[in-house]
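Me: I'd like to go through how some labels on this model get decided. Can you set the values against the cut-offs for me?

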Amino acid sequence: GEPGQGSPCRWVVYRWLAGEPWAIDRVRDQSDAAADLARFVSVLQGIGTGGAPSRSRGGRGAPLAERDAGVRDAIRASRGLVDTHAVTAAWEAALDAPLWDGPPVLMHGDLLPGNVLVAHGRLSAVIDWGSLTAGDPACELMAGWTLFSGESREVFRAALSVDDATWARARGWALSVALIALPYYLDTNPDFAANAKVWIAEVLADHASE
């Protein structure tokens, strides 16, 4: 979930599932991991959305515009931590992407390193389902920047046959989650804040390459 929203089930799940939280040095092959996660996302999106938890305004799977005010507040709070001009340009490019006009799809909604487990060098589990909902599939694809980079990101995209508009919104999702987390966790959870800075850098580099 968003900063400040607890995930009471996470610690119970950790006790029963094999694996450790995602980290680059724990994954044997990034491209294989990207293909594995893409299969997980594809299967999840194929499940019917009847009975899926409803989402709040601006919550996972919502139109990016519903997150605009919170992201701009976070950009102001991140002065001196990020290139605010660059992140604003990248965010506005994501807002300009065409909206999702298909049916909502089921999604985990929080594919961040702490919620993806690795065992013996391979993806082993996805935990913390507190953000489960249905909506724009672009939200789920933020894993392209929160977990992958370079070739593995392209493997992830290709495996899911993602169109340009959805990919642009997905990049916006990764950026919005990272920007909101960075100032929020800067003092209380410096490891998470450091991860957020990495995700922002990945988004900016990817955006600049277009």
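Me: How do the axes of helix H2 and helix H6 come together, and at what angle do they cross?

Reply: Keep in mind that this is a predicted model. In it, the axes of H2 (residues 30-45) and H6 (residues 150-160) come within 8 Å and cross at roughly 30 degrees.

Me: Why are H2 and H6 called roughly parallel?

Reply: Angles under 35 degrees count as roughly parallel. The crossing angle of H2 and H6 is roughly 30 degrees, so the two helices are roughly parallel to each other. As for handedness, the crossing of H2 and H6 is right-handed.

Me: Which residues make the contact, and what makes them nonpolar, polar or charged?

Reply: On the H2 side you have Gln-30, Ser-31, Ala-34, Ala-35, Leu-37, Ala-38, Val-41 and Ser-42, and H6 brings Glu-151, Ser-152, Val-155, Phe-156, Ala-159 and Leu-160.

Me: What makes H4 roughly perpendicular to H8?

Reply: H4 (residues 84-95) and H8 (residues 190-208) pack at an angle of about 70 degrees, with their axes 10 Å apart. The range for roughly perpendicular is 65 to 115 degrees, so H4 and H8 get that label. H4 passes H8 in a left-handed crossing. Ala-86, Val-87, Ala-89, Ala-90 and Ala-93 of H4 meet Ile-200, Leu-204 and His-207 of H8. That contact divides into seven nonpolar residues, one polar and no charged.

Me: How do you know whether Ser-78 is buried or exposed?

Reply: Buried means under 20% relative accessible area. Ser-78 has 0% relative accessibility, so Ser-78 counts as buried. You'll find Ser-78 in the loop between helix H3 (68-77) and H4. Leaving out residues up to four places away in sequence, Ser-78 touches Thr-84, Leu-179, Leu-182 and Pro-183. A polar atom of the Ser-78 side chain also lies 2.8 Å from the backbone oxygen of Ala-74.

Me: And Asp-206, why does that residue get the label buried?

Reply: Asp-206 has a relative accessible area of 13%, and with the cut-off at 20%, that makes Asp-206 buried. Asp-206 lies in helix H8.

Me: What makes the pairing of the Asp-206 side chain with the side chain of Trp-145 a polar contact?

Reply: For that label, a pair of N or O atoms has to be within 3.5 Å, one able to donate a hydrogen and the other to accept it. The side chains of Asp-206 and Trp-145 make such a contact at 3.1 Å. Not counting residues up to four places away in sequence, Asp-206 touches Trp-145, Arg-153, Trp-167 and Arg-171.

Terms used
Residues numbered from 1 in each chain as written. Predicted model: local features only at pLDDT ≥ 70, side-chain atom pairs only at ≥ 80, totals over all residues. Heavy atoms only, no water. Axes fitted to C-alpha atoms, helices over the stretch in contact; angles between N-to-C directions. Helix = DSSP H or I, 4+ residues; strand = E, 2+ residues; numbered from the N terminus. Parallel < 35°, antiparallel > 145°, perpendicular 65-115°, else oblique. Left-handed = near helix turned anticlockwise from the far one by under 90°. Contact = heavy atoms within 4.5 Å. Nonpolar A, V, L, I, M, F, W, Y, C, P; charged D, E, K, R; others polar. Buried < 20%, exposed > 50% of the residue type's maximum accessible area, 1.4 Å probe, protein only.
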